[in-house]
Protein chains: 2
Amino acid sequence: MSPPSPSHPHPNSRFKKTIYTGTFISTPTLGALEVLENATVGVDEGGVIRFVERDVRGLGGEKGLDSRKHEEKGLKEAVTFSNPDTHIHASQYPNTGLFGNSTLLDWLQKYTFPLEASFSSLSRAQHVYTRVITRTLAHGTTTASYYATLHTPATNLLSTLCFHHGQRAKIGRVCMDHPTFNMSYYRDESAEAAVSATQATIAHCNSIDPERGLVEPIITPRFAPSCTSALLHQLGALAKEYDLPIQTHIAENPDEVKLVGELFPDCTSYTDVYARHGLLTPRTVLGHAIWLSAEEKEVVKAHGAGVSHCPVSNSYISSGLCPVRSYLDLGIKVGLGTDVSGGWSGSMLVAAREALGVSRVLASVEGNKAKDAGEEAEKPKEEVEKEMKLETTDEDKNESNRLKLSVEEALYLATVGGAKCLNLESKIGTFEVGKEFDAQMIVCGDFSLGDEDELGHGGKGKFEVRDDNPVELWGQESWQERMAKWVFCGDDRNVEAVWVRGRKVHER
Amino acid sequence: MSPPSPSHPHPNSRFKKTIYTGTFISTPTLGALEVLENATVGVDEGGVIRFVERDVRGLGGEKGLDSRKHEEKGLKEAVTFSNPDTHIHASQYPNTGLFGNSTLLDWLQKYTFPLEASFSSLSRAQHVYTRVITRTLAHGTTTASYYATLHTPATNLLSTLCFHHGQRAKIGRVCMDHPTFNMSYYRDESAEAAVSATQATIAHCNSIDPERGLVEPIITPRFAPSCTSALLHQLGALAKEYDLPIQTHIAENPDEVKLVGELFPDCTSYTDVYARHGLLTPRTVLGHAIWLSAEEKEVVKAHGAGVSHCPVSNSYISSGLCPVRSYLDLGIKVGLGTDVSGGWSGSMLVAAREALGVSRVLASVEGNKAKDAGEEAEKPKEEVEKEMKLETTDEDKNESNRLKLSVEEALYLATVGGAKCLNLESKIGTFEVGKEFDAQMIVCGDFSLGDEDELGHGGKGKFEVRDDNPVELWGQESWQERMAKWVFCGDDRNVEAVWVRGRKVHER
């Protein structure tokens, strides 16, 4: 096992008390944007927030490392934000961007299982998992709920690496024992073998982080078609025995849903499969959940399980458009997942962006469906004229427009929503006293509109032409607009530093 | 007017003959990927390709600047590619990422017209247009078909800046004279005023680039609802008189289509409006074209006009899903546009990526519609089993899957397709003798899978952990797969250098 590098003190070590100054942004409730300008946040030796003071001008300069840095670099504003990725396959990372024209079932066989099977090599696991952790941290992923593979040593290595790099993580040893629907080269020999291997990964996690302060095991049946009923039962029992979270996939693809119906004829639905096997609990995270019936949504709600919305994967391997608003309306917990490598990016910002795009496409598709069916009226010419004069706008005027997520809602899903899915909302997601300090510092580029005469300056205005900060602020944006520009245009170049539980785990 | 900077010799100056060495990639026909490994491309003093030699090992080192650079930096491979953005509003650039939950008609009034109106300030135009040109060049946009504003001085400045920075461009002075459907603060006083202003921008282009070798005017009625019939007629005549290309918007949004029907009751369709006013020619680029009827598509084809597919804008301001395959099947020219700032990115790579996503969402939506209507059969369990065993795959098995674009097809639209839309296919789009040398050099990151024992190396394998090249090659990818990873994961950090007509116009 590689030792922690000097720049990464062991996570069990205690840090100095630190006062951070700057602008702290969070989305404490769905649709709200809380902006604490000129604020100070005091963090104790254990990484816990002890005070939050708003609007403290002139205090930060001396104590706040980050406001100092901000001045040095002449950057616009530093804002902070934390977010958990509720669904990511660490082992699929080298395939990021490769999926051809496939859909779920052939994608698994063609792209995914061969790569996952290669994690019998521990050096490959070391190489790939180190890169996954460092790159997702660099993108601001403070917490990740990982699917590993079915290899116990590689899965244990992932736990160890997360712990040493300081990423908050759930570590899932993937279980899949179905003799027909898995390939012979990559499956558990039996339900018992899968359970025994899972127990070994639980024991390893307990040995490195007994308090589960940073790293925790998560029970991970791959998805119903790849598991026997016996295995599903035993995994449900294991989750209960060890008081552990559960993650799996559900209703990602219409063919998959049909298949589950045929494989589990005694169950009334895909959701019912998990419910009957003790796998639908308040600690369960259901990946995708595109094709659930209204009845199934009620079952999910009744069991208190959460949904991991994986919009990039859903769009690009043609799984479908997840009706996120219906889950939010029911009060079901919803977080975002990158779903690497069904999704082609490990960035939660890309996931938030695609969640926004998908909700708008859904609004368009459903709006036209409703118009075709005569359920939503065509706008009369007079109304369109009014709209163009901004006397009215079509925002939120009808049912289909309600399907659109706002930027603030997408950020809520990426932060507090994900924290709730992972039952971490008492620890992370906002900047509140008693929570742990998980944050990323975002910096944007300043390209103020050149309203003075700058014609003598070679056409370059105030900025350096080579500045490649992807988020360009032109000087007139509200905080809401700055966040929108960050969500749409930002990438890892905007992530100046990342902290988890008070420890700085990434710096550009 | 600012002088050209020393690093940018005047585009009329002649360069030295240059031999470029490396891997040259293009998509000469729809769906094909042509990879010339170890090739040399000879470019003459006028920027014209004089020879292309394949597979010339051992020759490049001394003469090829870029293969040398590649070796110095230890980068994986250098590939080159050129592309034209067929639809971009230069003046809307500062709003990139800002559109709220709006759709077309209220978006125009709320976000767009106020910003465009501010280009009465020439210093603002200088500032914004310089940034647009340098940033789109940095993203590899070798050619851009720009919408400016209705201000003559600012539009002329855009022409001058494109010429000096060396970006190949069509420059459109936006025309909009309708007294009701435009705001009083931002519209042409009359059809005559609009035509006269357009003539002034044509004269300016002719004065700086008489041969239209780099910069050319393009006749630009904003879209039918913002123009009187008189203006449309006069613009059609102007295009004919000066032998100029035309660009406009069509059928972007269902409400807009309805409005056009009411405003032009004598025309049989939106397409017919442009056809009757002399604006539908083989040199016309129609932006969006989401909601055209089958009959209208035939009219577009008969007139030889091209379609600029703007998928990012279409998805994010809820315009709809453009049925690109139907245009390709008809043999209609299709290029890609970023449509800044309805689209939130000026990157053609993002446009290509979203084109892929949209085609996949469309396949899913149409596939389910067909299943609901009983037109496409549900797969029997046996077939799903076969699919999971890779005995068959569902790729291209049914009509809805045909809607998916492949990576190669998306790259064709971004390069040759766009060149054809702009009637530049004899000059750009591929690396062929007689064409001009427009190219970008792409470099990716090397993260070869660590199959040796690297456990002693601090878990960092072969790569530098701080390397943030967004395209990670793990050593086993085919050229096709490398291009896929670039399309999905790449950004401007991968663009090492850009050339237009043999002149280096950007370098990282």
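Which residues of helix α8 (residues 254-263) of chain A are buried?

Tutor: The model is a predicted one. In helix α8 of chain A, the buried residues are D255(A), E256(A), L259(A) and V260(A). Viewed down the axis of α8(A), these buried residues fall within an arc of 140°, so they line one face of the helix. The start of α8(A) has a contact of its own: a side-chain oxygen of N253(A) reaches to within 2.7 Å of the backbone nitrogen of D255(A).

Chain A comprises 508 residues, and buried residues make up 66% of them. Among contacts in chain A with a separation of 6 or more, 73% are accounted for by residues 24 or more positions apart.

Pairs of helices may be considered next. Two packed helices are described by the angle between their axes and the distance between the axes. In chain A, helix α4 (residues 122-138) and helix α5 (residues 152-165) have axes that come within 9 Å and cross at roughly 35°. The crossing in which α4(A) passes α5(A) is right-handed. On the side of α4(A), the residues that meet α5(A) are L122(A), A125(A), Q126(A), Y129(A), T130(A), I133(A), T134(A) and L137(A). Their partners in α5(A) are P153(A), A154(A), L157(A), L158(A), L161(A), C162(A) and H165(A). Sorted by class, this contact has 11 nonpolar and 4 polar residues, with no charged residues.

Chain B can be described in like terms. The axes of its helices α4 (residues 122-138) and α5 (residues 152-165) come within 9 Å and cross at roughly 35°, and the crossing of α4(B) and α5(B) is right-handed. Residues of α4(B) in this contact include L122(B), Y129(B) and L137(B), while those of α5(B) include P153(B), L158(B) and H165(B). By class, the contact of α4(B) with α5(B) has 11 nonpolar, 4 polar and no charged residues.

Another pair in chain B consists of helix α16 (residues 407-421) and helix α17 (residues 479-489), whose axes come within 10 Å and cross at roughly 60°. The crossing of α16(B) and α17(B) is left-handed. From α16(B), V407(B), E408(B) and L411(B) take part, and they meet Q480(B), M483(B), A484(B), W486(B), V487(B) and F488(B) in α17(B). This contact has 7 nonpolar residues, 1 polar residue and 1 charged residue.

The loops also contain buried residues. T430(A) is found in the loop between α16 (407-421) and β15 (439-443) of chain A. Its relative accessible area is 6%, so T430(A) is buried, the cut-off being under 20%. The side chain of T430(A) makes a polar contact of 2.5 Å with the side chain of E432(A), and another, of 2.7 Å, with the side chain of K435(A). When neighbours within four places in sequence are left aside, T430(A) is in contact with S26(A), P28(A), V416(A) and K435(A). K435(A) is therefore both a polar partner of T430(A) and one of its contacts beyond those sequence neighbours, whereas T430(A) itself counts as buried.

S226(A) lies in the loop between β10 (220-221) and α7 (229-242) of chain A. Its relative accessibility is 1%, and S226(A) counts as buried. Not counting residues up to four places away in sequence, S226(A) touches C175(A), M176(A), D177(A), H178(A) and N182(A).

Finally, some features of the backbone deserve attention. The peptide bond from V340(A) to S341(A) is cis, with omega near 0°, and S341(A) lies in the loop between β14 (333-336) and α13 (348-372) of chain A. In chain B, a cis peptide bond joins V340(B) and S341(B), with omega about 0°; S341(B) is found in the loop between β14 (333-336) and α13 (348-372) of chain B. H288(A) is not a glycine, although its phi is positive, at about 85°. This residue, H288(A), is placed in strand β12 (residues 284-288) of chain A, and at 0% relative accessibility it counts as buried. H288(B) likewise has a positive phi of about 85° without being a glycine; H288(B) lies in strand β12 (residues 284-288) of chain B and is buried, with a relative accessible area of 0%.

Key: Residues numbered from 1 in each chain as written. Chains lettered and ligands numbered in written order. Predicted model: local features only at pLDDT ≥ 70, side-chain atom pairs only at ≥ 80, totals over all residues. Heavy atoms only, no water. Buried < 20%, exposed > 50% of the residue type's maximum accessible area, 1.4 Å probe, protein only. Helix = DSSP H or I, 4+ residues; strand = E, 2+ residues; numbered from the N terminus. Arc of directions from axis to C-beta. Polar contact = N/O pair within 3.5 Å; in protein donor to acceptor, adjacent residues only side chain to side chain. Axes fitted to C-alpha atoms, helices over the stretch in contact; angles between N-to-C directions. Left-handed = near helix turned anticlockwise from the far one by under 90°. Contact = heavy atoms within 4.5 Å. Nonpolar A, V, L, I, M, F, W, Y, C, P; charged D, E, K, R; others polar.
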